[in-house]
Amino acid sequence: MDSEEADQYIQMVKEQQQRGLQKLKGDRVAKEGDVFSYKVDPYTLSSGDYVVHKKVGIGRFVGIKFDMSKGSSEAIEYVFIEYADGMAKLPVKQASRLLYRYNL
């Protein structure tokens with residue numbers, strides 16, 4: 001492989017990475033002209049749906065329930081996500097920023 005072929009290959013990989021990042025960010029435009037986003041409203045999820053947490057990874061949505069946080073007397077609404085190594089709970093406000101719908 002000469003240097004020109006190597007440069008073309010590197011450019012192709014960079015373009016593929018950029019397209020992948022755009023998919024995750026939801027920056028591409030849908031066919032009808034609406035902005036397409038993989039971000040998900042937690043209230044639209046059904047139990048068993050797979051989601052991607054921006055920092056933790058792929059998990060299975062269990063449900064939304066009220067729970068008491070430590071040191072608080074007021075119940076907060078949480079999204080519960082099941083992972084291979086345990087269960088995570090995430091405040092609904094954070095979930096709308098950190099969760100994406102898992103699509104193959």
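Since the model is predicted, local features need pLDDT of at least 70 and side-chain atom pairs count only at pLDDT 80 or more, while totals for chains, interfaces and linings use all residues. Residue numbers start from 1 along each chain as its sequence is written, and side-chain values use heavy atoms, with hydrogens and water left out.

**Overall fold**

- The protein has 2 helices and 5 strands, and from the N terminus on the elements run α-β-β-β-β-α-β.
- Helices (H or I, at least four residues) and strands (E, at least two) are DSSP runs, numbered from the N terminus.
- Of the 104 residues, 23% are buried; buried means under 20% relative accessible area, exposed means over 50%, and partly exposed is in between (1.4 Å probe, protein chains only).
- The exposed surface comes to about 7900 Å², with carbon and sulfur atoms supplying 51% of it.
- Those areas come from the Shrake-Rupley method with a 1.4 Å probe, and for residues only the protein chains shown count as cover.
- Looking at contacts (heavy atoms within 4.5 Å) between residues at least 6 apart in sequence, 34% join residues at least 24 apart.

**Salt bridges**

- The count is 3 salt bridges, where a salt bridge is a side-chain nitrogen of Lys or Arg within 4 Å of a carboxyl oxygen of Asp or Glu.
- Arg 101 pairs with Asp 49 at 3.8 Å, N to O. This pair links distant parts of the chain, 52 residues apart: Arg 101 is in strand E5 (residues 99-101), and Asp 49 is in the loop between H1 and strand E1 (50-53).
- Arg 60 bridges to Glu 82, with the closest N and O atoms 2.1 Å apart. Arg 60 sits in strand E2 (residues 57-68) and Glu 82 in strand E3 (residues 75-83), so the pair ties together parts that are 22 residues apart in sequence.
- Arg 60 is partly exposed at 30% relative accessible area, and Glu 82 is partly exposed at 31%.
- Lys 89 bridges to Asp 67, the closest N and O atoms being 2.7 Å apart. Because Lys 89 lies in strand E4 (residues 86-91) and Asp 67 in strand E2, this pair ties together parts that are 22 residues apart in sequence.

**Surface patches**

- Patches are built from residues with over 30% relative accessible area and no salt bridge; like charges are joined within 9 Å, and nonpolar side chains (Val, Leu, Ile, Met, Phe, Trp, Tyr) within 5 Å.
- For charge, Lys and Arg count as positive and Asp and Glu as negative, while His and the chain ends are not counted. Each charge is placed at NZ of Lys, CZ of Arg, CG of Asp or CD of Glu.
- The nonpolar patch consists of Met 1, Tyr 9, Ile 10 and Met 12, which together have about 470 Å² of accessible area. Tyr 9 belongs to helix H1 (residues 3-25) and is partly exposed at 48% relative accessible area.
- A negative patch gathers Asp 2, Glu 4, Glu 5 and Asp 7. Glu 4 is in helix H1 and counts as exposed at 54%.
- Lys 39, Lys 54, Lys 55 and Arg 97 form a positive patch. Lys 55 lies in the loop between E1 and E2 and counts as exposed at 71%.

**Two residues to look up**

- Ala 95, in helix H2 (residues 92-98), counts as buried because its relative accessibility is 0%.
- Setting aside neighbours within four places in sequence, Ala 95 contacts Pro 42, Val 79 and Leu 90. Its C-alpha is 8.0 Å from that of Asp 41, though Ala 95 and Asp 41 are 54 residues apart in sequence.
- Gly 57 lies in strand E2 and, with neighbours within four places in sequence left aside, contacts Val 51, Val 52 and Tyr 83.
- Gly 57 and Tyr 100 are 43 residues apart in sequence and 9.9 Å apart in space, C-alpha to C-alpha.
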